[in-house]
Amino acid sequence: MLNRTISQTGLISPLVLILALTGSLLLAPPATAQDRSDANRRHHFNTDRGLALKGYDPVSYFYGGARRGNSRYQASHRGITYYFVDERNKQRFLDRPEAFEPAYGGWCAWAMRDGDKTDIDPNNYLLINDRLYVFYKGIWGDTKAQWEKKARREGHDDMIRRANNQWNWILRPGNR
């Protein structure tokens, strides 16, 4: 009994595993600034397991209105996955993803003015200066209607500037 080797006791397997994992971590390339930025986006964007806009096609908003996408036509941009109604919309997105991604990571534009991440109704949206803004609509009200009412008095620019400032603060590493 006392003459058993380490391999006979079963201790070598955990030891080899620890050494292998430690070695692979040391050999792994360091994370780039882009990797950290993409991870930050994934953390802050309004997604369900990485899927944005509750599966709605971001391109469809610009061509006829909000339409639910299909998982057969999906693409990812910097860690965020989108569904599309067809291959054409998918390609449009891949050609210019920044033109089609929703403002504020897909959070409610009205709430973002105060730095709040509030979920949205993907059918409640505005296109302002070729940018998609989505809004909450539910038991607590319709924030798109609130936005439009305020915009009639003050214009969109100040509200967008305020929400942009809040969103940029949220995206800073270490915030929320």
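Residues are numbered from 1 along each chain as its sequence is written, and side-chain values use heavy atoms, with hydrogens and water left out. Because the model is predicted, local features need pLDDT of at least 70 and side-chain atom pairs count only at pLDDT 80 or more, whereas totals for chains, interfaces and linings use all residues.

The protein contains 8 helices and 8 strands. Both are DSSP runs, numbered from the N terminus: helices are H or I with at least four residues, and strands are E with at least two. Of the 176 residues, 39% are buried. Buried means under 20% relative accessible area, exposed means over 50%, and partly exposed lies in between (1.4 Å probe, protein chains only). Contacts were also counted, with contact meaning heavy atoms within 4.5 Å. Among contacts with a separation of 6 or more, 58% join residues 24 or more positions apart.

Aromatic rings were examined next. A search of the whole structure finds 8 aromatic pairs. Rings of Phe, Tyr and Trp (its six-membered ring) pair if their centres lie within 6.5 Å; planes under 30 degrees apart count as stacked, over 60 as edge-to-face and the rest as tilted. F135 and W147 form an edge-to-face pair, because their ring centres are 5.5 Å apart and their planes stand at 65 degrees. F135 belongs to strand β6 (residues 131–135) and W147 to helix α7 (residues 143–154), so the pair ties together parts that are 12 residues apart in sequence. F135 counts as buried because its relative accessibility is 0%. W147 is likewise buried, with a relative accessible area of 0%. Ring pairs also link Y104, Y133, F135 and W147 into a cluster.

Two arginines place a charge over a ring. The criterion is that NZ of Lys or CZ of Arg is within 6 Å of the ring centre and within 35 degrees of the ring normal. The charged end of R92 sits over the ring of Y63, at 3.8 Å from its centre. The charged end of R113 sits over the ring of W110, at 3.9 Å from its centre.

Rolling a probe the size of a water molecule over the atoms shows where empty space is left. On a 1 Å grid over the protein atoms alone, with a 1.4 Å probe, a pocket is an open set of points with protein on both sides within 12 Å along at least five of seven lines. Grid points are joined across faces, edges and corners, and a volume is the space filled by probe spheres set on the points. The largest pocket holds about 280 Å³ of space. It is lined by 17 residues, of which R41, F45, R131, W167 and L171 are the closest to its centre. A lining residue has an atom within 4 Å of a point. Helices α3 (33–44) and α8 (157–171) each supply at least two residues of this lining. α8 gives the most, with 4 residues. The lining divides into 6 nonpolar, 6 polar and 5 charged residues. Here Ala, Val, Leu, Ile, Met, Phe, Trp, Tyr, Cys and Pro count as nonpolar, Asp, Glu, Lys and Arg as charged, and the others, Gly among them, as polar.

Two loop arginines have a positive phi. R49 lies in the loop between β1 (47–48) and β2 (51–52). Its phi is near 55 degrees, a positive value in a residue other than glycine. R49 is exposed, with a relative accessible area of 78%. R78 lies in the loop between β3 (70–77) and β4 (80–84). The phi of R78 is near 50 degrees, also positive in a residue other than glycine. At 28% relative accessibility, R78 counts as partly exposed. The C-alpha atoms of R78 and R41 are separated by 7.7 Å, although these residues are 37 residues apart along the chain.

T81 is in strand β4 and is buried, with a relative accessible area of 16%. T81 and L51 are 30 residues apart in sequence, yet 4.8 Å apart from C-alpha to C-alpha. Leaving aside neighbours within four places in sequence, T81 is in contact with G50, L51, A52, Q74, A75 and S76. V85 lies in the loop between β4 and α4 (87–95). V85 is buried, with a relative accessible area of 16%. With neighbours within four places in sequence again left aside, V85 is in contact with D57, R67, R68, G69 and Y73.
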